[in-house]
Amino acid sequence: MVIRRFEMIDLLLGGSPCQGFSFAGKQLNFFDPRSKLFFDYVKALEILKPKYFLLENVKMKKEYEDVITQHLGVKPIEINSALVSAQDRKRLYWTNIPNVTQPEDKKLVLKHIVEPEINKKDFDITEKMKQKKPGTLAYEKAWKNVRSLNEKSKTLLTGQSISNSGATNIKYSDSKYYKPTPIEAERLQTLPDNYTAIGVIDGKEISISNTQRYKMIGNGWTVDVIAHILSFIPEKYLHTVVSLFDGISCGQVALERAGKIYNRYYASEIDKYAIAVTQKNYPHTMQLGDVTKIDWESFKDRLNLIQKVS
């Protein structure tokens with residue numbers, strides 16, 4: 001009798017928190033506790049030894065980028081989500097998936113993704129824009145955030161207050177301005193409409209507030225960029241996928257769009273609303289909890305399949 005042991009982790013995904021690296025943040029780099037989570041990804045990569053891996057992060061100082069490159073052993077590919085969506089969003093992708101190229105430019109702008117004005121009464125910010133006093137920082141930020149329907153949105157962050165650095169104030173005309181609806185934010189990230197509207201906690205459906213929806217969408221991936229990268233995986237069938245900092249499982253949406261079929265999807269996430277959205281859309285997702293508390297050796301041992309061949 002022969003005993004074979006199979007390690008079946010085909011793909012490790014991750015988008016470690018970027019606030020410590022981002023040019024939009026304070027550039028606290030690896031001393032920021034959130035950015036230190038990158039090393040939890042490295043630990044998982046070293047122990048799990050997946051066939052393929054993908055790590056996403058923001059544009060950052062070259063010295064920080066080089067540290068990540070050194071640990072992962074591959075140089076990043078820079079892709080702007082503007083190629084596949086109506087959002088300007090430059091991101092770096094480290095992967096060993098072979099032969100990844102730039103996606104085709106779909107030439108999308110805001111007019112292609114906005115909802116009809118009749119649906120946007122609660123998102124009308126015209127009066128709020130007018131109330132900003134010239135010469136104030138709030139006025140400067142609000143008007144700096146304006147984009148016309150023939151332009152791309154700014155990079156989505158985690159809020160859409162009109163003076164927020166991650167806001168896009170959409171100009172419909174000289175006299176009408178709206179902030180993006182949650183559905184429009186989903187479209188900017190190429191998510192399905194209302195993907196984040198409902199969650200499941202303890203088996204019960206809950207409505208997700210707009211505040212939480214903006215937050216989780218802004219923290220997510222542009223799905224069509226990830227799907228494009230994953231489409232270069234030669235295999236159609238993947239046994240086990242592990243996703244760290246999984247958020248709302250944009251990775252699963254991307255796998256489906258890339259035409260990949262997977263058996264198991266393990267997710268590490270701590271935000272209860274993000275987990276709720278994942279469990280609503282992908283109820284078979286196996287949640288692992290806090291990435292800093294996972295024993296990867298034990299996890300790998302549980303996954304090892306022992307097949308007896310006589």
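**Helix packing and sheet architecture**

Val223, Asp224, Ile226, Ala227 and Leu230 of helix α7 meet Cys250, Gly251, Val253, Ala254, Leu255 and Arg257 of helix α8. Contact means heavy atoms within 4.5 Å. Helices (H or I, at least four residues) and strands (E, at least two) are DSSP runs, numbered from the N terminus. The model is predicted: local features need pLDDT of at least 70, side-chain atom pairs count only at pLDDT 80 or more, and totals for chains, interfaces and linings use all residues. Residues are numbered from 1 along each chain as its sequence is written, and side-chain values use heavy atoms, with hydrogens and water left out.

The axes of α7 (residues 223-230) and α8 (residues 250-257) come within 8 Å and cross at roughly 55°. α7 is therefore oblique to α8. Axes are lines fitted to C-alpha atoms, for helices over the stretch in contact, and angles run from 0 to 180 degrees between N-to-C directions. Angles under 35 degrees count as roughly parallel, over 145 as roughly antiparallel, 65 to 115 as roughly perpendicular and the rest as oblique. The crossing of α7 past α8 is right-handed (the near helix is turned clockwise from the far one by less than a right angle).

The protein chain holds 10 helices and 14 strands. Of its 310 residues, 51% are buried (under 20% relative accessible area, with a 1.4 Å probe and protein chains only). The chain exposes about 15,200 Å², and carbon and sulfur atoms supply 51% of that area. Accessible areas come from the Shrake-Rupley method with a 1.4 Å probe. Among contacts in the chain with a separation of 6 or more, 67% join residues 24 or more positions apart.

Seven strands form an open sheet in the order β4-β5-β3-β2-β11-β12-β13, with mixed pairing. Two strands pair if DSSP finds at least two bridges between them. The edge strands are β4 (77-80) and β13 (286-287), and each pairs on one side only. Strands β3 (residues 52-58) and β5 (residues 90-95) are antiparallel, with five bridges. Val58 has Arg91 in β5 as its bridge partner. Helix α2 (residues 62-72) packs on this sheet and touches β3 and β5. The direction of α2 makes about 20° with that of β5. Helix α8 also packs on the sheet, touching β2 (9-14), β11 (237-244) and β12 (261-268). The direction of α8 makes about 165° with that of β12.

Strand β2 is mostly covered, with six of its six residues buried. β2 runs parallel to β11, joined by five bridges. Gly14 is bridged to Leu244 in β11. β2 also pairs with β3 in the parallel sense, over four bridges. Here Leu13 has Leu54 in β3 as its partner.

Another open sheet has three strands in the order β6-β7-β8, again with mixed pairing. Its edge strands, β6 (146-148) and β8 (176-178), each pair on one side only. The twist averages 35° from one strand to the next. Helix α4 (residues 137-144) packs on this sheet and touches β6, β7 and β8. The direction of α4 makes about 20° with that of β6. β6 and β7 (residues 169-173) run parallel and share three bridges. Val146 is bridged to Asn169 in β7.

Strands β9 (residues 198-201) and β10 (residues 204-207) run antiparallel, joined by four bridges. Ile198 has Ser207 in β10 as its bridge partner. The two strands form a hairpin with two residues between them. Asp202 in the turn has a positive phi of about 50°.

Notes: Buried means under 20% relative accessible area, exposed over 50%, partly exposed in between (1.4 Å probe, protein chains only).
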